[in-house]
Amino acid sequence: MAGAGSSQLSPRWAAFLCLFAVLCSLFTPGVAVKENDFKKCHQSGFCKRNRAYADNAVALGSEWKAPYKIPSELASFKDGQFHATILKTIDEQGNTVQLPITVSFLKSGTARVTIDEKKRQDKDIEIRHNSGARKERYNEAEKWTLVGGLDVDTDAKVSHEGETGMKIQYGPNLAFEADINYEPYSIEFKRDGVAQIRLNDRGLLNMEHWRPKIEKPAPEKKEGEEGQEEKKEETPEVAPSEDESTWWEETFGGNTDSKPRGPESVALDITFLGYEHVYGIPEHAGPLSLKETRGGEGNYAEPYRLYNADVFEYVLDSPMTLYGAIPFMQAQRKDSTVGVFWLNTAETWIDITKAKESKNPLALGIGAKTNTQTHWISESGLMDVFVFLGPTPRDITKNYAELTGTTALPQEFSIGYHQCRWNYVSDDDVKEVDRKMDRYHIPYDVIWLDIEYTDDKKYFTWDNDMFKDPISMGKHLDEHGRKLVTIIDPHIKNVGGYHVSDELKSKGLAVKNKDGNDFDGWCWPGSSHWIDAFNPAAIKWWSSLFNYDRFKGTMENTFIWNDMNEPSVFNGPEVTMPKDNLHHGGWEHRDIHNVNGMTFHNATYEAMLSRKKGELKRPFVLTRSFFAGSQRLGAMWTGDNQASWEHLGASVPMILAQGISGFPFSGADVGGFFGNPELELQSRWYQAGAFYPFFRGHAHIDARRREPFLLAEPYRSIITSALRLRYSLLPAWYTAFYHANQDGSPIIRPLYWTHPSEEGGFDIDDQFFVGSTGLLVKPVVEKDKRSVDIYIPDDEVYYDYFNYKKLATTKGKYLTVDAPLESIPVLMRGGHILPRRDTPRRSTQLMKFDDYTLVVAVGKNGQAEGELYVDDGDSFDYEKGQYIHRKFKLEGSTLTSTDSEGRDAKSVKEGQWLKLMRGVSVDKIIVIGAPSSWADKKEVEVESEGKKTSVPLDYHKAEGGRAAFAVIKRVGARIGADWTVSFA
């Protein structure tokens, strides 16, 4: 569904849409809208102030004296934690503010640095405007974000202590060190004695402490001025570095923020020493390797912004904020990865610059290294930073996942193809689309309903004229193994007689405005209230609404889509909620804005676990807005993109950024949400989408119908082939999701993540590996392009996935691969074995008990290995051992399948699903790069479960650039059993 930009309820937005319609053929639409309706740093008071603070420090150079220090007598270390008080000098008289600091050294090797404000902790402040806002700095972000990994390392120890600081060793084999300097306060983190990350390296730490607003007394009036209007009271003059103009209130777009607590931002500079590439901090429509933000050729002039917003037709190659925020950044250099996680849920800006640091010319290795300097600025809350020292991308990902959780193991159907548009107009329309997908043998799993299915935008209702019998519709889909997804947004239509609205208000579960009344804003239904999903009572009530006996017309094959949950408020500042709104517990919206969408996603997830007594099944809930930790709850997509080649190209680095930032179940609207894709673009987009973790076609209400069966040949067949490729590889995809669930690893992986030693791949973001399959994919994202250049990151052998051609690759060089319109550039890296299912089916449900094919790509050393994970794809029975996890290995003349975890099959009591899987076997094995010694073989021996069987082998000699390959047919070994194929 579109964002506020498509609302017909707001004249302002409607005017912009009219302008778009007239000018869309002349230039990229909406750029002016985005520039004007969303803040730049200079329009955001706290960002402007902290950038000015940084500029002042830089201008003063060595004369700059940071006003933060730790008195040594206030510092201590005990049981894996450093405790101290930072004193901030606030005036020329030497008055100070106390800022308690705790540095926790965790068992994982992660360090956590948390700084608070004593006066706020003690609630010793005054709140203006009689606001009900809390006096403390927001300290509940971890309640929503963190799920583990916080055990303290009691083996950490002090290696040096003195008047100027303390050094603490921690981590694996005490290989990490934190060098805490007292004056000025800074921390340098080292690994194996080498400095990696420095906090407050440039002295830009700035915690805006609480202070009362001092009203300037009105001057005495001169004779003749008594009748003139009194001038507004002003605060005293302040130094130029303290711009007070936005301390006490701030106006943007006709909305005024009352700021009852005054200025309270937190900012810190973090330097990655010797690192030139940094990644992460989604969501932005730009390259994977983040750009500098202080101007210059090819750089941005604005900081990266994290402030979840409803940005329709977003600008590409921009640091502008989008729908979600994950303040997690990784830095990469050859053979080394480090990272930081800035746990703050308020509006955040991040500046990035790079600087050369000269080495000692008298030392060996004369030259200069690049430091990446970052400046993190948040409007409110604690300063809470996690530091990861790697040394590998996998280490960083794993440690971050220990804190924030991993991707939920998905419903198996959800990694199939989803067919969506705004809107399918009736239950008959849904049935007809389903029939035609079958008629043209086009596989899909889910059909989606956008907002028009409801009765006048009232969620949990149906339009009785167009969706007269939703149960019949659901049963029709269920017969074909298909699912239905309906949209449910957080805004509730404010109208009497609507049970959801009446209950929301009577139970007091809505977000409040600054005066403590139910906040009323404008969204799709018109006047609306918003559920406050921070409130446990609201979550409980929300869950009840999804029960089958309350949300009538839904069935067990109905799942949910959460949109507009940034939240989108059409008449609000920056199309969202006023920052001085109040949530459960008295927290201001400014404190929790970026996690707001996640709390709504969480409420829906909790609701979908059980919708009737005795039911417990995995939810599927798609979200548009997200924060760190949202990966535990479902999938996301990149929002309201456009039907353009540029947006197709931008989708790949955006999805890669999600994956390395812990939220890999992600995708982009295939075909583009706005506009009408030309047939070549639509075909290429399906080919790319077949390798998105979340694969959904979607279109705007004004876009032409573009279901795959509507296309003329050859485009229909091209798209059908892409879909069938996705479905054949679902076993490999599900295995990749399993790994993401286990350790947080990305599902599609950029080259820096898979090959951290290969510097030539560090800024490549248009190709990727799929899980641990060895599949290397480079989608075609340019018009009329019939070949692609693929970067080869190692000296392993590579084969063309489709024709088994052995490719002439060279490490560190590009390989040109033909890519006619009907082809997807997919390579297989030698040394891997991947599972697939080759029988074409209409949906995943109908594939559940099909036999498997194993594809073996023989490596240079003659070996290969891979794995398969499979469970029932629906329940939580895998937690009780109801799964199959096999490891396949080709070594010498033997191919084996063993339990990946070394489990004894007899130790697992088989449930219904495992019993049915006894009838599922390995049907075929294809060995690419088969040795010539097999040329005369006609059969091989399969040994499994005490039986030996001879099965046929067809050997195909190498010719015309194609590698030799062998096909072993009718293998017949159970997929869940140990077996051996002998080629001797």
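Of the 984 residues of the protein chain, 63% count as buried, where buried denotes a relative accessible area under 20%, exposed over 50% and partly exposed the range in between (1.4 Å probe, protein chains only). The model is predicted, so that local features require pLDDT of at least 70 and side-chain atom pairs count only at pLDDT 80 or more, while totals for chains, interfaces and linings use all residues. Residues are numbered from 1 along each chain as its sequence is written, and side-chain values use heavy atoms, with hydrogens and water left out.

The protein chain contains 17 helices and 50 strands, these elements being DSSP runs numbered from the N terminus (helices H or I, at least four residues; strands E, at least two). Its radius of gyration is 29 Å, close to the 30 Å given by the globule rule for 984 residues, so the chain is as compact as a globular protein of that length. The radius is taken over C-alpha atoms, and the rule is 2.2 Å times the number of residues to the power 0.38. Along the principal axes, the C-alpha atoms fill a box of roughly 110 × 80 × 60 Å. Among contacts in the protein chain with a separation of 6 or more, 71% are accounted for by residues 24 or more positions apart; a contact requires heavy atoms within 4.5 Å.

Two helix pairs were examined. Two packed helices are described by the angle between their axes and the distance between the axes. Here the axes are lines fitted to C-alpha atoms, for helices over the stretch in contact, and angles run from 0 to 180 degrees between N-to-C directions. Helix α7 (residues 427-439) and α8 have axes that come within 9 Å and cross at roughly 10°. This makes α7 roughly parallel to α8, the classes being roughly parallel for angles under 35 degrees, roughly antiparallel over 145, roughly perpendicular from 65 to 115 and oblique for the rest. On the α7 side the contact is made by D427, V430, K431, D434 and R435, and on the α8 side by P470, S472, M473, H476 and L477. By class, this contact of α7 with α8 has 4 nonpolar, 2 polar and 4 charged residues.

For helix α12 (residues 645-660) and helix α13 (residues 679-689), the axes come within 10 Å and cross at roughly 5°. Helix α12 is therefore roughly parallel to α13. W645, H647 and L648 of α12 meet E680, L681, R684, W685 and A688 of α13 in this contact, which by class has 5 nonpolar, 1 polar and 2 charged residues.

A search of the whole structure finds 1 disulfide, defined as a pair of cysteine sulfur atoms within 2.5 Å. The disulfide joins C41 to C47, with an S to S distance of 2.1 Å. The torsion about the S-S bond of C41 and C47 is about -100°, so the disulfide is left-handed. Both C41 and C47 are buried. C420, by contrast, is in no disulfide, and the nearest cysteine sulfur, that of C523, is 17 Å away, a distance too far for a bond. C420 is buried, with a relative accessible area of 2%, and C523 is likewise buried, at 0%.

Several backbone features fall in loops. The peptide bond from P282 to E283 is cis, with omega near 25°, and E283 is placed in the loop between β15 (277-280) and β16 (304-306). The bond from G390 to P391 is also cis, with omega near 20°; P391 lies in the loop between β21 (383-388) and α6 (393-404). F460 has a positive phi of about 70° although it is not a glycine. F460 occupies the loop between β23 (446-449) and α8 (470-479) and is buried, with a relative accessible area of 5%. E945, also not a glycine, has a positive phi of about 50° and lies in the loop between β47 (939-944) and β48 (947-956).

K505 belongs to helix α9 (residues 499-506) and, at 32% relative accessibility, counts as partly exposed. Leaving aside neighbours within four places in sequence, K505 is in contact with N494, D518 and H529. The C-alpha atoms of K505 and D429, which are 76 residues apart along the chain, are separated by 36 Å.

Note on methods
Ala, Val, Leu, Ile, Met, Phe, Trp, Tyr, Cys and Pro count as nonpolar, Asp, Glu, Lys and Arg as charged, and the others, Gly among them, as polar.
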